[in-house]
Amino acid sequence: MKYQILVAFFLLLFGCTQEDKEKQKANIFFNNAIYDSSAFYYQRIVASNPSDTISLYRLILSLKKIQDFKEAIRLSKSELFDKAWKDSILLLCYHIYNEQESDSSILMAEELAKRHPYNKEYHLNLANSYYNKAINNLNVKDEFLSKGFSEIKTALSIDSNYYDAIHERALLRYGFGDFSGVINDMELVISKNIKDSSKISSCYRFIGLSLANRNDYKAAILKLDTALIFDPTNSYNYLSRGQIYLLNSENMKACEDFSKSLELGNIPAGKEISINCN
């Protein structure tokens with residue numbers, strides 16, 4: 001990748017205006033996922049040419065990637081984005097708000113699903129926003145889980161094999177305590193032989209958690225072992241397995257997993273250590 005970037009910059013030295021050079025630099029950094037640098041150059045481009053909506057949009061994407069959410073949202077409200085940009089901006093704002101776990105993601109997702117009633121991905125996004133609202137606010141949990149189910153039903157009516165929607169349905173079922181339903185849905189996703197290892201890992205994790213809720217701890221631990229095979233750097237896999245080890249009176253193994261989870265950046269694992277590992 002470094003060689004490709006050097007070649008591209010060498011080519012910039014010939015036959016380009018200063019504005020072209022800056023735009024090409026910005027695009028090179030953006031295409032190579034060096035978003036702090038792409039944001040720097042896109043900011044310069046937009047400052048000199050405010051009507052360049054493509055550069056403005058890529059600037060917002062770059063800011064999102066470096067988690068400057070406040071500035072990304074501010075720029076997304078630019079009057080330069082006409083109706084043709086409406087869906088792209090709504091979707092971008094949905095993802096920004098979703099990363100912040102903000103209720104505003106619901107507003108963006110609802111608008112997109114309303115504008116495109118036959119787009120399965122927009123219904124899935126809305127279901128995911130409802131799910132996040134439910135698990136973060138227990139006072140409205142059942143209401144938003146039910147709304148999530150409705151959106152998943154719509155998505156699956158569009159594409160009955162949409163495995164992302166089946167996975168999301170399993171999460172909603174977990175929220176309701178329907179552990180048999182969780183296991184059935186997650187096994188269905190696994191059976192589709194998808195290539196997304198993190199999604200497969202999530203399936204095994206929630207199967208394990210569901211088995212643990214049915215007091216089958218040994219089987220649950222085996223499922224978490226499998227989840228870690230597919231995603232060995234997922235901190236929640238270690239946290240979940242540690243919690244199940246604890247339920248199975250294997251405190252030393254539990255503390256080892258909590259420590260690994262904390263090492264990977266999982267803050268709740270620190271609380272488990274302070275309570276159970278001193």
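## A buried ring and its partner

At 18% relative accessibility, phenylalanine 179 counts as buried, because the cut-off for that label is under 20%. This is a predicted model, so take the percentages as computed from its coordinates.

Phenylalanine 179 pairs up with tyrosine 174, and the geometry is edge-to-face: the centres sit 5.5 Å apart and the planes make an angle of 65 degrees.

Searching the whole structure turns up 11 aromatic pairs. One of them joins tyrosine 130 and phenylalanine 144, with 5.7 Å from centre to centre and 55 degrees between the planes, so it goes down as tilted because only angles over 60 count as edge-to-face. The two residues are 14 apart and link distant parts of the chain: tyrosine 130 belongs to helix α8 (residues 120-136), while phenylalanine 144 belongs to helix α9 (residues 141-158).

Both ends of this pair are buried: tyrosine 130 has a relative accessible area of 5%, and phenylalanine 144 comes in at 10%. Elsewhere, Phe29, Phe40 and Tyr41 make up one aromatic cluster.

## Lysines over phenylalanine 144

What else sits over the ring of phenylalanine 144? The charged end of lysine 133 does, 5.8 Å from the ring centre. Lysine 147 also lies over the face of phenylalanine 144, at 4.8 Å from the centre of the ring.

## Two helices side by side

Now for some helix packing. Helix α12 (residues 197-213) packs with helix α14 (residues 235-247) at about 15 degrees, and their axes are 11 Å apart. That angle is why α12 counts as roughly parallel to α14. The crossing of α12 past α14 is left-handed.

Which residues make the contact? From α12 come Ser201, Arg205, Gly208, Leu209 and Ala212. On the α14 side, the contact uses Tyr236, Asn237, Ser240 and Ile244.

## The whole chain

Zooming out, the secondary structure of the chain consists of 16 helices and zero strands. Along the principal axes, the C-alpha atoms fill a box of roughly 70 × 40 × 35 Å.

Of the 278 residues in the chain, 44% are buried. As for contacts between residues at least 6 apart in sequence, 46% join residues at least 24 apart.

Methods:
Residues are numbered from 1 along each chain as its sequence is written. This is a predicted model: local features need pLDDT of at least 70, side-chain atom pairs count only at pLDDT 80 or more; totals for chains, interfaces and linings use all residues. Side-chain values use heavy atoms; hydrogens and water are left out. Rings of Phe, Tyr and Trp (its six-membered ring) pair if their centres lie within 6.5 Å; planes under 30 degrees apart count as stacked, over 60 as edge-to-face and the rest as tilted. Helices (H or I, at least four residues) and strands (E, at least two) are DSSP runs, numbered from the N terminus. Buried means under 20% relative accessible area, exposed over 50%, partly exposed in between (1.4 Å probe, protein chains only). A charge sits over a ring if NZ of Lys or CZ of Arg is within 6 Å of the ring centre and within 35 degrees of the ring normal. Axes are lines fitted to C-alpha atoms, for helices over the stretch in contact, and angles run from 0 to 180 degrees between N-to-C directions. Angles under 35 degrees count as roughly parallel, over 145 as roughly antiparallel, 65 to 115 as roughly perpendicular and the rest as oblique. A crossing is left-handed if the near helix is turned anticlockwise from the far one by less than a right angle, and right-handed if clockwise. Contact means heavy atoms within 4.5 Å.
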